[in-house]
Amino acid sequence: MRRSAQLNTQYQARYTLWGLAALGVLILLIFPLLFRQQPYWLYIASQALFYAILASSWALLAGYNGQFSFAHMAFMGLATYASGILGRETGFLAFDLSPWVSIPLGVLFTGFVGLVIGYLCLRLRKTYLALFTIAFAEITRLVIKAEVKFTGGPNGLPLKPLLESTSYVPVYYLMVALFLGTLLAMYVLVRSRYGLYFQAVREDEDAAAALGVNVVNTRILAFVVSSMIAGLAGAVFHHFPTVGLVVPDEMIIGRMSLVLAMAIIGGSNSLIAAALGAIFIHFSLEWLQEIPLPAAILRTLEAHRATLESLGFGLGENGLKTNAWRMVGFGMLLMVTLRFRQNGLIAPLLERLSRRHVIQEIAARRRAREEEEIEVSDEPNEQVGGAS
Amino acid sequence: MKLEVKRIVKNFGGLQALKGVSFTIDSPQLVGLIGPNGAGKTTLTNIITGMLAPTSGEIWLNGERIDGMRPYAIARRGLGRTFQVTRAFRRLTVMENMLVPALARNPRADRHAMEQKAREILAFLTLDHLTNEYARSLSGGQQKLLELGRLLMLDPQIIILDEPFAGVHPRLQRTIYDYIRRVREAGKAIILISHDMESIFTLSERLMVLNFGELIADGPPDEVRRMPEVIDAYLGRDEEEETEHA
C-alpha cells in the first residue's frame, strides 16, 4: 500500500512538472496571438527570452559549477562583434558572410576566448575570479569602444539581418526556438555525468579530484559552454532585423549585474528558475516603466504632478511613470532575495514540486528505520566490534 | 598492487614536515599509521594522493611513478582516500555522491548498473533509506559512511582512510568496522590512520609509526607496540606499569 502510494505521488509530481512545462511552452507559442496588435510586447518578449538564455547559461557556470563570472555579457558581445565583422562587406576581416555562417563562427571564436579565460581563471576563486572577469569584461568593452575603424566604436556595429521579414512574429518564434533549444541542451548536459562533475567540483574540488574528477577540464568545459551559449544568444538576437546593431555599452558591468540579478532572483542552482527569473524581471521592469492606472486616478494624480515629479515619478498618458524607482524596487528585491532566499524565489518552488515524492519517501523510510532500530535496541546489547 | 614511497621529504618554509619517509605496500593488507598530532600523517597522505607535491622523493604505484601527477589521475590509477574532516558533496543527493567516482573512473560505465551497485553498497552501509536525500541532511557519522561508500564506487586497489572513526556514533563505528573488513577481504590494501588505538590494534596487520616526520617503526602491531621509542613517542606507559618500574 505504502509503495503504491509513493509511486502515485511520484507519478503525480512527474506529471505536474511535465504539465507545467507543456503549459509554459504553450504560453510561449500562443503569445503572439494574444499580443498581435501590440508588437512592442512581442519585442519585449523576444528580449526577455534573450535575457533568459543569458541568465540560464550564467546559472550553468555559477550555480552548477561555482564559477562566479562577470564576463558573460562580454562573451555575448564578442560573439556578436565577431559575427558582425565577418559579415561585413568591406574592411579588415570582412568576408561578407551570411549571418547563418558568421554566427556559428562568432560563437566558435567566443568558445576559444572562453577556453583561454577559463584556463587563466583556473586557480582563482570567488572574489578573485569575480574581479578578474570584471577586468576582462571592461577591457573588452573599452577596446571595442576605442577601435572605431574596426568595430564602429561607441556608435556600434551594424549587423546583417538574419531574417528578411521585419515582422516581430518570426523574430519571436526564432527566439523561442533558440531559448528552448539551448535550455534543452543545458538540461541534457547537467543531467549527464558532466553535470555531476560540475556540481562535485562546485562543492569541493579536492574531494572531487580525489574521486577521479578532472577538475581542470570540468571548470574549463563549464566556462566554454556557458560562454558559447551567451555568445549564441547575443549574436542571433542582434542579427534580427528588429535590432540590427550592437553597441559596446551592452557589455557594461551594469548590464551584466542585471543578468546576474535575474538568475539569482530566479534561483541560480536551476536553469529553468534562472530563465523564469529573467523573464519575470524583464517583463516587470518594462511594465513598471509606466504602471497603467484608471483615468479617474490619473486625473487625481494630475493635481499632484509637481509633487510626484519632485519625488522622481512622472505621469504618462496611461499611467504612473516610475523612472528610476523601478530599479530601486528591483535592487531591493535582489537584496531581500540574497538575505532571505539564497536559493532564489522560483527554484525552491520547482524543487518542492519535483522532490515532493522524494521527501515523502525519505520520511517513510526514516520512520521504518527508526522502528527497526527501536526493535534492535530492545534486544540485549551487543559489544561493538572492539571499538572503544 | 604495489605502492612504493621512497625517501619522501616535505618542507613547509623552515619546517620539515617529512624527513625521508620510505615504505612499500605490495600485498593486500591493513596497515595502521599512527603518530602524535603534527607527526606528518595527513601531509604524507596528501603527498601520496597528489594533493601536495613532495620537496624530494618518489612515489610509485604499480611500477608507474605518480608523484607529480594530478590527484584525479592518481585516483583513476587505483589509489583512493577519505579525508579527516568529512567532505561529502553536500548539495548532491546520496546517490549522486556515489555516482561521481563511478563515472569518473569509468566514463563508459552503464549508469543503471552503477546505480544498482550504489544501492547495494548503501544498503551495506545502512544508508539505503537515504538514497535520494541531500548529503547535507545526513549526520556527521552518516557522511563518513557516505565517503566510504564513494570509495567503493571508485573501486581503488589501495585505500587510505584518514580518521574514519573520529566523531562517529558507536553503532556507526560497527558499520565502519564491517566495511573495513569487507574491503580487506576483497583483496585491497588499506592504510588506516587513526588515534583510536583499539581499532588500530584490532584491525591492523602491520603498523607504522610516524613521529616528527620520521617513520620510527614499521612492523607487526604486537612488536611495534613494545618498541621503547614508540612507547615514548606516542603510546605512553600504563600507569600501573610505570608504578611497577618506579
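**View 1. Asp26(B) lies in the loop between β2 and β3 of chain B.** The model is a predicted one, in which local features need pLDDT of at least 70, side-chain atom pairs count only at pLDDT 80 or more, and totals for chains, interfaces and linings use all residues. Residues are numbered from 1 along each chain as its sequence is written, while chains are lettered from A and ligands numbered from 1 in the order in which they are written. Helices (H or I, at least four residues) and strands (E, at least two) are DSSP runs numbered from the N terminus. Asp26(B) is exposed because it has 11 other C-beta atoms within 10 Å; a residue is exposed at 12 or fewer such atoms, buried at 20 or more and partly exposed in between, with C-beta atoms placed from the backbone. Leaving aside neighbours within four places in sequence, Asp26(B) is in contact with Met1(B) and Lys2(B), where contact requires C-beta atoms, placed from the backbone, to lie within 7 Å. The C-alpha atoms of Asp26(B) and Lys2(B) are separated by 4.2 Å, although these residues are 24 apart along the chain.

**View 2. Strand β3 (residues 30-34) of chain B is largely enclosed by the rest of the structure, because 5 of its 5 residues are buried.** Leu30(B), Gly32(B) and Ile34(B) point one way from β3(B), whereas Val31(B) and Leu33(B) point the other way. In a regular strand the side chains alternate between the two faces of the sheet. β3(B) runs parallel to strand β8 (residues 189-193) of chain B, to which 4 bridges join it, and Val31(B) stands opposite Ile191(B) in β8(B). Strand β9 (residues 206-211) of chain B also pairs with β3(B) in the parallel sense, over 4 bridges, with Arg206(B) of β9(B) opposite Val31(B). Pairing of two strands requires at least two DSSP bridges between them.

**View 3. Four strands of chain B form an open sheet with antiparallel pairing, in the order β2-β1-β4-β5.** β2 (15-25) and β5 (64-65) of chain B are the edge strands, each pairing on one side only. Within the sheet, β1 (residues 3-12) and β4 (residues 56-61) of chain B pair in the antiparallel sense over 5 bridges, and Ser56(B) in β4(B) is the bridge partner of Val9(B). Helix α1 (residues 41-48) of chain B packs on the sheet and touches β1, β2 and β4 of chain B, its direction making about 120° with that of β1(B); axes are lines fitted to C-alpha atoms, for helices over the stretch in contact, and angles run from 0 to 180 degrees between N-to-C directions.

**View 4. On chain B, 37 residues are in contact with 29 residues of chain A.** The side of chain B that touches chain A draws at least two residues from each of α2 (71-76), α3 (94-105), α5 (140-154), α6 (170-185) and α7 (197-203) of chain B, and α3(B) gives the most, with 7 residues. The predictor gives the complex an ipTM of 0.91 and a pTM of 0.89.

**View 5. Ala55(A), Val259(A) and Val100(B) touch the most other members of the largest nonpolar core, which has 172 residues.** Helix α2 (residues 39-64) of chain A gives the most to this core, with 16 residues. Such a core is a set of buried Ala, Val, Leu, Ile, Met, Phe, Trp, Tyr and Cys residues joined through C-beta atoms within 7 Å. Not counting residues up to four places away in sequence, Ala55(A) touches several residues, including Val259(A), Met262(A) and Ala278(A).

Notes
Contact = placed C-beta atoms within 7 Å.
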